[in-house]
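Dear colleague,

I am passing on the structure we spoke about, together with some notes on its charged side chains. Please look it over below before reading on.

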Amino acid sequence: MFERISKTGRKVLMTRTLAALLASLSLTAPVAADDFPDRPVDMVVGFGTGGSADRLARAMSNFLSEELDVPVRVTNRPGAGTQISANYILSRPDDGYTLYASTFAPYLTNTILTGGASYGIDDFSFVNFQWFDLDLIAANKDSGFEDLPSLLEEIRDNPGQVRASVVQGSAGHLMVRLLLEEAGIPQENLNLVTYNSGGEARSAVAGGQVHFTSISAEGSEGIREFLTPLAIVNDERIDQWDAPTINEALEPMDLEVPVLQGSMRGFAVSSEMERQYPERFGALTEAIQNTLARKDVQDHLSSNDIGGVWVGPERSNELMRENFEVFEQYAHLLN
């Protein structure tokens with residue numbers, strides 16, 4: 001026989017059961033994406049002010065703030081080829097309130113391969129790469145070099161006489177080293193000057209302090225009148241520069257080199273943030289995607305020569321790993 005329960009008893013039982021259910025839900029339910037963010041987000045830039053990564057971050061911050069409905073505060077933490085900023089990101093709480101804006105490839109890769117970094121690629125989750133660069137190999141217009149084979153032959157035949165500018169640890173830096181190795185030219189034959197910024201490397205070739213440079217094509221338009229373009233590091237020619245692809249340029253020498261991906265800029269968080277707060281990661285991802293879908297944002301980025309494509313987290317992480325594998329294969333050339 002079941003014990004008969006009074007109406008009052010049933011009400012008490014139902015109340016206690018509901019209270020217990022609500023208590024259990026409050027203990028187990030994840031943080032809702034709708035509750036995030038409820039305070040300002042810090043956007044940390046891996047380079048100093050005025051560079052490409054900084055311009056990207058500041059161009060996006062106000063629009064992203066509108067999508068997130070909280071302030072987005074930009075701060076710069078340059079140094080050690082982005083190692084300082086990367087360590088800072090990993091030292092912050094993994095709660096989604098710190099967003100990393102940087103030129104991740106090749107700089108983050110090189111801090112791991114040649115910079116002695118304590119972190120790895122898998123410690124970061126890349127939300128989106130929105131700005132891609134191709135590298136340009138170009139000579140000073142008064143240097144006398146009209147094509148890549150004649151330049152390489154001069155480096156081989158007259159050790160120490162040819163000077164070049166590159167950004168330390170960049171894809172352009174590695175490409176110059178790779179060209180010499182594939183052509184069988186001793187590395188010490190070239191007087192290679194490394195700089196900490198693209199602006200310095202461009203000024204050196206435009207002013208004639210060096211004979212040629214290997215550097216991002218985008219951003220070099222301002223010194224076009226001082227240059228003779230020799231090759232574009234790409235599989236296809238581009239409209240912006242009248243130059244053969246790198247392997248087209250090398251055909252007379254019967255040489256071929258890997259086509260290295262140039263700079264990849266965008267946004268990332270720690271991989272722990274995505275693991276611990278997948279809803280927050282989704283909210284940040286959606287906000288960046290929605291920002292880039294706006295016409296006013298695209299107009300603003302275009303007018304400032306800033307990339308604005310959406311490839312998403314999956315493809316961004318694939319691209320970063322592919323870049324790492326290529327640079328790992330040739331990292332000895334940068335040591």
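Glu248 has a relative accessibility of 33%, and it therefore counts as partly exposed, since that class lies between the 20% limit for buried and the 50% limit for exposed. Please keep in mind throughout that this is a predicted model. The side chain of Glu248 meets that of Arg237 in a salt bridge, with a computed N to O distance of 3.2 Å. The two partners are 11 residues apart, with Glu248 in helix α8 and Arg237 in the loop between β9 (227–233) and α8 (246–250). Arg237 is likewise classed as partly exposed, because its relative accessibility is 48%.

A further set of contacts involves Arg294, whose side chain forms a salt bridge with that of Glu66 at 2.9 Å, N to O. This pair links distant parts of the chain, as Glu66 belongs to helix α2 (residues 52–68) while Arg294 sits in the loop between α10 (278–292) and α11 (295–303), 228 residues apart. Glu66 has a relative accessibility of 48%, so it too counts as partly exposed.

Arg294 also meets Asp296 in a salt bridge, here at 2.8 Å from N to O, and Asp296, at 38% relative accessibility, is partly exposed. Taken with Glu67, the residues Glu66, Arg294 and Asp296 are linked in a network of salt bridges.

Note on methods
Residues numbered from 1 in each chain as written. Predicted model: local features only at pLDDT ≥ 70, side-chain atom pairs only at ≥ 80, totals over all residues. Heavy atoms only, no water. Salt bridge = Lys/Arg side-chain N within 4 Å of Asp/Glu carboxyl O. Helix = DSSP H or I, 4+ residues; strand = E, 2+ residues; numbered from the N terminus. Buried < 20%, exposed > 50% of the residue type's maximum accessible area, 1.4 Å probe, protein only.
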